[in-house]
Amino acid sequence: QATVELLDLQPAAIEHVDRILLDQTRGQRPFQAARDLLELDLRPTEALVRDRMSQIGELLRQSGEEGAGPGAYALGRGHLALAELEPAVEELRKAWELGYRRPEVAYALGLALGTLYQRELRGLERLLTPELKQARKSEIETTLRDPSLEFLRQGQGAEMDSPRYAAALVDFYEGRYEGAL
């Protein structure tokens, strides 16, 4: 279960954890296999995802409107897997607007919007005045957090790796940190 939940982490979070683990376990033989896993080269995997996305794009050009919703969803999931959040949101919204409103689409869109929300929250630290921080925070709550929550709730029936993770995200975004743990 823990492994599945780790797979849901975004690359920046994984990299942060990786650095800590690598620093703490350097020179300890029992941790060599774990370090080896953390240092895997992901370029071949990314290339496979991009190749598959290219194939889907070609199929979409050939199929017309019929496959547009499912195709946009597939492309959105591909971008999400590559941590390309803006294109992921764009494709997933497109799928939704085209009427492809399955729980899996809602979950993926909620996940992408929520990840953008977290990124923008971290960026608040760069703003100089409390007024600017509060104004920006209100804006991203309206444009990212609130839609993320709505889509995560709509995605509750989706087949996903970790339903507990989705529920924890809702708790976290709503400030119920105890429930998010």
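Predicted model: local features only at pLDDT ≥ 70, side-chain atom pairs only at ≥ 80, totals over all residues.
1. Start with helix H4 (residues 43-63) and helix H5 (residues 68-81). Their axes lie 10 Å apart, and the packing angle is about 165 degrees. Angles over 145 degrees count as roughly antiparallel, so that is how H4 and H5 run relative to each other. The crossing of this pair is left-handed.

2. Now for who touches whom in that pair. On the H4 side you'll find Val-49, Met-53, Ile-56, Gly-57 and Leu-60; H5 answers with Ala-68, Gly-71, Ala-72, Ala-74, Leu-75, Gly-78 and His-79. By type, the residues of this contact come out as eight nonpolar and four polar, with no charged ones.

3. Next, the largest nonpolar core, which has 30 residues. Have a look at Leu-80 and Tyr-107 there, as these two touch the most other members. At least two core residues come from each of H5, helix H6 (85-97), helix H7 (103-123), helix H8 (130-154) and helix H9 (163-173). H7 gives the largest share, with ten residues. As background, nonpolar side chains in soluble globular proteins tend to be buried together.

4. Last, a look at Asp-171, which sits in helix H9. Is Asp-171 buried or exposed? Its relative accessibility is 15%, and the cut-off for buried is under 20%, so Asp-171 counts as buried. Setting aside neighbours within four places in sequence, its contacts are Arg-176, Tyr-177, Gly-179 and Ala-180.

How values were computed
Residues numbered from 1 in each chain as written. Heavy atoms only, no water. Axes fitted to C-alpha atoms, helices over the stretch in contact; angles between N-to-C directions. Helix = DSSP H or I, 4+ residues; strand = E, 2+ residues; numbered from the N terminus. Parallel < 35°, antiparallel > 145°, perpendicular 65-115°, else oblique. Left-handed = near helix turned anticlockwise from the far one by under 90°. Contact = heavy atoms within 4.5 Å. Nonpolar A, V, L, I, M, F, W, Y, C, P; charged D, E, K, R; others polar. Core = buried A, V, L, I, M, F, W, Y, C linked by side-chain atoms within 4.5 Å. Buried < 20%, exposed > 50% of the residue type's maximum accessible area, 1.4 Å probe, protein only.
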